[in-house]
Amino acid sequence: MRLEAVELRRIKLPLVAPFETSFGVQTERDVLLVKAITDAGEGWGECVAGEEPTYSSEYVDGAQHVLIHHLLPRLWGRELDAADVAPLLHPVHGHNMAKAAIEMALLDAQLRAAGRSFGEFFGAVREAVDCGVSVGIQPSVAELVRVVGGYLDQGYRRIKLKIKPGWDVEPVRAVREKFGEVPLQVDANTAYTLADAQHLSELDPFGLLLIEQPMREELVFAHAEMAKVVRTPICLDESIHTYQSAADAIAIGACRIINVKPGRVGGYLEARRIHDLCAAKGVPVWMGGMLETGIGRAGNVAMAAMPNFTLPGDTSASDRYYHRDVTEPFVLRDGRLRVPTGPGLGVTVDEEFLDTITTWTGTLGRAGLRAG
Ligand code: NPQ
Ligand code: MG
């Protein structure tokens, strides 16, 4: 396969409701989409970087810039397999979400050409995956209980509460008291320090599945220290950038569970290596979520059907985030989403709808950028 051109596109999608985390409130998503045009056909990728570098150091304008000026120039004019992308981009440090987007588009093109689905490629062992939902910080505990009840009524099989100092033990207590033994976990998005270990151990009596990323991403050893105080299993998200960082975190006891986000680790192929490592180490994984459109959601649902994805993911239905998706919507059925079976991602991108929400497009080839 040869990469002939890449169409980059920025779209704006309003969220159905504001989504508040310890790093801020999102009301819309500004997404960078990548269409790879190859001699074997086309493929789609989605970049999960946010508008601001507040979840990680990556942000969507930076991802667009690094793709145009540093990543795509390394891919033109050679015979390529999707597996060649990461080695060719290895000289560029970081920028995993930007790297993941182009690798995804080439993997989609390659699998569509071969008539194989993402699920088949990953060795999916399920036709549908159990879904959880990530619940943002709410204006009050009463409102939280109302919102969680709505998601349970829709059939979600696991609830994740976003927490931060001042919004942790009481919300968890309220949800436990109202909804009993529903599978429940929390995500701090780095909002705490080791000095909060005793406080976080107050969550232990609630029988949570895990506490996700309590401290800053570089504090991997501190997570191992916190694990000596807090009995609830610690799960890492932001700290895990590569296969090696996953191996190191497991080796020092910094986490007992890993949140796999293909964008955060530089693509689906690195994510699959982390899945396999964790399976060998007896560490369960689950599929994270970055408020993806149907494009990213399709790939994530397929990967979540791999055998060691044993906990429900943040692979929510399209309508959890969007009134209208850019593909056919993913619809929750009995708390699960079906794994697409068509070639590649197995979804059809609605390019007419895309045109109505596009804020910028650019086409790249060997000769450089043609805007507009
Ligand atoms: C997490 N996701 O697990 C992330 C955080 C997150 C579903 O909780 C724009 C870009 C908005 C990235 C909102 C969920 C985001 C974002 C939340 C990441 O930590
Ligand atoms: Mg997280």
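Mentor: Start with a term: a polar contact here is a pair of N or O atoms within 3.5 Å. Keep in mind that this is a predicted model.

Trainee: How far is the side chain of Glu-212 from an oxygen atom of ligand 1?
Mentor: An N or O atom in the Glu-212 side chain is 3.4 Å from an oxygen atom of ligand 1, so the pair falls within the 3.5 Å limit.

Trainee: And what about the side chains of Ser-134 and Asn-189?
Mentor: For Ser-134, a polar side-chain atom lies 2.8 Å from a ligand 1 oxygen. For Asn-189, the distance from a side-chain N or O atom to an oxygen atom of ligand 1 is 2.7 Å.

Trainee: How much of ligand 1 does the protein cover?
Mentor: 99% of the 440 Å² of accessible area that ligand 1 has on its own. The space it takes is the second largest pocket.

Trainee: Which residues come nearest to ligand 1?
Mentor: Ser-134, Lys-162, Asn-189, Lys-261 and Gly-289, out of 19 around ligand 1. By type, the shell has eight charged, six nonpolar and five polar residues.

Trainee: Which strands supply at least two residues of that shell?
Mentor: β2 and β6 (158-162) each do.

Trainee: Switching to strands, then. What does β2 pair with?
Mentor: β2 (residues 24-38) runs antiparallel to β1 (residues 3-21), with 14 bridges joining them. The two form a hairpin with two residues between them. Glu-20 has Val-25 in β2 as its bridge partner.

Trainee: How many bridges are there between β1 and β13?
Mentor: Six, in the antiparallel sense, with β13 covering residues 358-365. There, Ile-11 has Thr-358 as its bridge partner.

Notes: Residues numbered from 1 in each chain as written. Chains lettered and ligands numbered in written order. Predicted model: local features only at pLDDT ≥ 70, side-chain atom pairs only at ≥ 80, totals over all residues. Heavy atoms only, no water. Pairing = 2+ DSSP bridges. Helix = DSSP H or I, 4+ residues; strand = E, 2+ residues; numbered from the N terminus. Near = heavy atom within 4 Å. Polar contact = N/O pair within 3.5 Å; in protein donor to acceptor, adjacent residues only side chain to side chain. Areas by Shrake-Rupley, 256 points an atom, 1.4 Å probe, with all protein chains shown as cover. 1 Å grid on protein atoms, 1.4 Å probe; cavity = no way out; pocket = protein on both sides within 12 Å on 5 of 7 lines; lining within 4 Å. Sits in = over half its atoms within 2 Å of the grid points. Nonpolar A, V, L, I, M, F, W, Y, C, P; charged D, E, K, R; others polar.
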